[in-house]
Amino acid sequence: MFGKVLIANRGEIAIRVMRGCRELGISPVAVYSEADRNALHVQMADEAYLIGPPPASESYLLIDRIIEAALACGAEAIHPGYGFLAENAQFARACEQQGLVFIGPPSTAIQLMGDKTAARRAMQAAGVPVVPGIDRFLQDDDEARQVVAAMGYPVMIKAALGGGGRGMRLVHQEQQLGEALRAARSEARSSFGDPAIYIERYVTNPHHVEIQVLADAHGQVIHLGERECSIQRRHQKVVEESPSPLMTEDLRVRMGEAAVRAAQAANYRNAGTVEFLVDEHRNFYFLEMNTRLQVEHPVTEMVTGIDLVLAQLRIAGGEPLGYRQEDIRLTGAAIECRIYAEDPASNFRPSPGRITVLQAPAGPWVRDERGVFAGGEVSPFYDPMISKLVVWGATRQEAIARMRRALGEYVIGGIKTTIPFHQWLMEDEDFLAGRLDTGFIERRYRPQAAPPDQLAQDVAVIAAALDHRQSTRQAAATPVSQGDHDALNPWKLAGRVDLMRRRG
Amino acid sequence: MRLLANAGGVTHTVELDEGNGTGFVRVKVDDREYLIDVANPAPGHYSLLVRGKVFSAFVWQRRGRREVQVGDRSASVEVVSAQGPRPSARPAAAVGGRQEITAPMSGRVVQVLVQPGQMVADGESLVIIEAMKMETEIRAVARGQVKDIRVSANLAVEAGQLLLVIDS
């Protein structure tokens, strides 16, 4: 096993990987931008190296700087996390060329799956069903108009190098097409450095179901069942669960086999996820393969008992999986709520800022993976996800009750978060019944104020008044000016100098 | 201590009357009286026992107001001394036919979509701001004429910063 691994990421995922490293006796190394000197992932690492200014394009996306840091500190491997360079074939290749182990698939597999149109062709060749669409990049708006006219609305515009919902636009009518193309290209350029896009027919109200696969270096490929990821906003997942409420044993076997075939067709190795759209008749279509660890990997860990980060590290170290397909059992139900620094009452608008209060949930079968802390700053430069809250229950119903309980314990102050949305969702009739599709939030979510309750309202006003009085008293107790004799007291002087230095 | 507290557009009078160090505080909100056992386990955290019922309240300041979280309820409260000026109502989006469009969050201006003098419709996109890798369109809340543009593409902006002014 490796002695030292560099983690080319930040936030909660860097911490998740560090925990896995420590459990295997590996020393974790962090990299950070100038905006992240105080970040939790830096504090939790054994070593940390500055790689550049705050914008990701000048730090976390700089292949040369990261490889340089890894070589300089003597790391044997690099874990990319998710996002940033995780699905960058050039980065994986650079690692391979420098003799560093890239903890993920071979660069060739990333390249194949990263080119969404090439991936579609490869999947069709491997007998995996795909969403109807075009298998090449679009040059200009005129070509796009022709393609869409032939395909019929609605259509989904996607970034060729896409992922994470960025560079995606759903278009219902021709009038929307021009603006949607502009926006998709602009986001594709800023997120992936390439404005290329392609178009698929939009499967109306589909379930988004994905299959986790693991492939070792000894030719064994297995799947770990599914994750239901239909609850999305801006085409980005917000809540995931395993198993999927729509799953049947037969469908799981067929989708699992298709996912394994997809991985084999790409000569895949390490952990990966094959995403499918499933329509109301339980027909499934290959959407894309994510060649990395997913944000929502914990729900699979909770129901299978397999630690995916440990599996990644062991596979990258050349170890065989050590279990076979028939050893995999899904037990109970797990749910993940992504806590974003966003205001659900204002259309999930970003809400960066300083976290003033943080009380985290705990207790049986509750797992809260945070990248932030009380007093810390949520930077506008990076992804808004600040935590993933995961629970397990013997049944879906028990998991939902536990999630409600955990959300009720969770207090994050200073910024807006998606916690109120999750609390709404855990009470929603359709969610409880498992009636989910990717249009769920848009169709059902209307932020609403809590029902009037005089006592609760008065308590809020009283708490604010008490806090106001507390601040007034503190201000009165702090001396504004001091007499000359104080200047002669060396202890007070030292204290003041220290205070001034800290303020500065 | 007599205070005025504005929450949800309504101004309440709040009277806090300290007991003799037992932790009990007699409170009057408008005409409702409470005897509350108050503890302050951590800065910004108030534990209130009201007739045996437990309320755990977290309070933090944000843009001159106090944000309060009690259980799954949240409130935004502006508290001032009853002797001082009355608390302002929530800042209106349009005052006297003038819309001051401000940045809802800190981020970077991607594009300014309008020009000075241009007429804009209600809901028309004015500025695109990028924060946390997302583009947010800032829209007009009423029709009017663009008067004053204070930002340009690539400029970093803070939450609450004035972007442009529209005369309605």
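Two residues count as in contact if their C-beta atoms, placed from the backbone, lie within 7 Å. With that in hand, look at chain B: among its contacts with a separation of 6 or more, 44% are between residues 24 or more positions apart. Before going on, note that this is a predicted model, where local features need pLDDT of at least 70, side-chain atom pairs count only at pLDDT 80 or more, and totals for chains, interfaces and linings use all residues. Residues are numbered from 1 along each chain as its sequence is written, while chains are lettered from A and ligands numbered from 1 in the order in which they are written.

Let's stay with chain B. It has 17 strands and zero helices (both are DSSP runs numbered from the N terminus, a helix being H or I with at least four residues and a strand E with at least two). Of its 168 residues, 28% are buried, meaning that 20 or more other C-beta atoms, placed from the backbone, lie within 10 Å of the residue's own.

Strands pair if DSSP finds at least two bridges between them, and in chain B eight of them close up in the order E1-E2-E3-E4-E5-E6-E7-E8, with antiparallel pairing. From one strand to the next, the twist averages 35° (axes are lines fitted to C-alpha atoms, for helices over the stretch in contact, and angles run from 0 to 180 degrees between N-to-C directions). Zoom in on E2 (residues 10–18) and E3 (residues 24–29) of chain B, an antiparallel pair with five bridges. There, Leu16(B) sits opposite Val27(B) in E3(B). Chain A joins in here too: its helix H16 (residues 454–477) packs on the sheet, with E1 (2–7) and E8 (73–81) of chain B among the strands touched.

Over in chain A, eight strands make an open sheet, ordered E13-E12-E9-E10-E11-E14-E21-E19 and paired antiparallel. E13 (284–290) and E19 (366–370) of chain A stand at the edges with a single partner strand each, so one side of each has no neighbour in the sheet. Here the twist averages 25° from one strand to the next. Inside this sheet, E14 (residues 333–340) and E21 (residues 385–393) of chain A share eight bridges in the antiparallel sense, and Ile335(A) stands opposite Val391(A) in E21(A). Helix H12 (residues 396–409) of chain A lies across E14, E19 and E21 of chain A, at about 140° to E21(A).

Methods. Buried ≥ 20, exposed ≤ 12 C-beta atoms within 10 Å, placed from the backbone.
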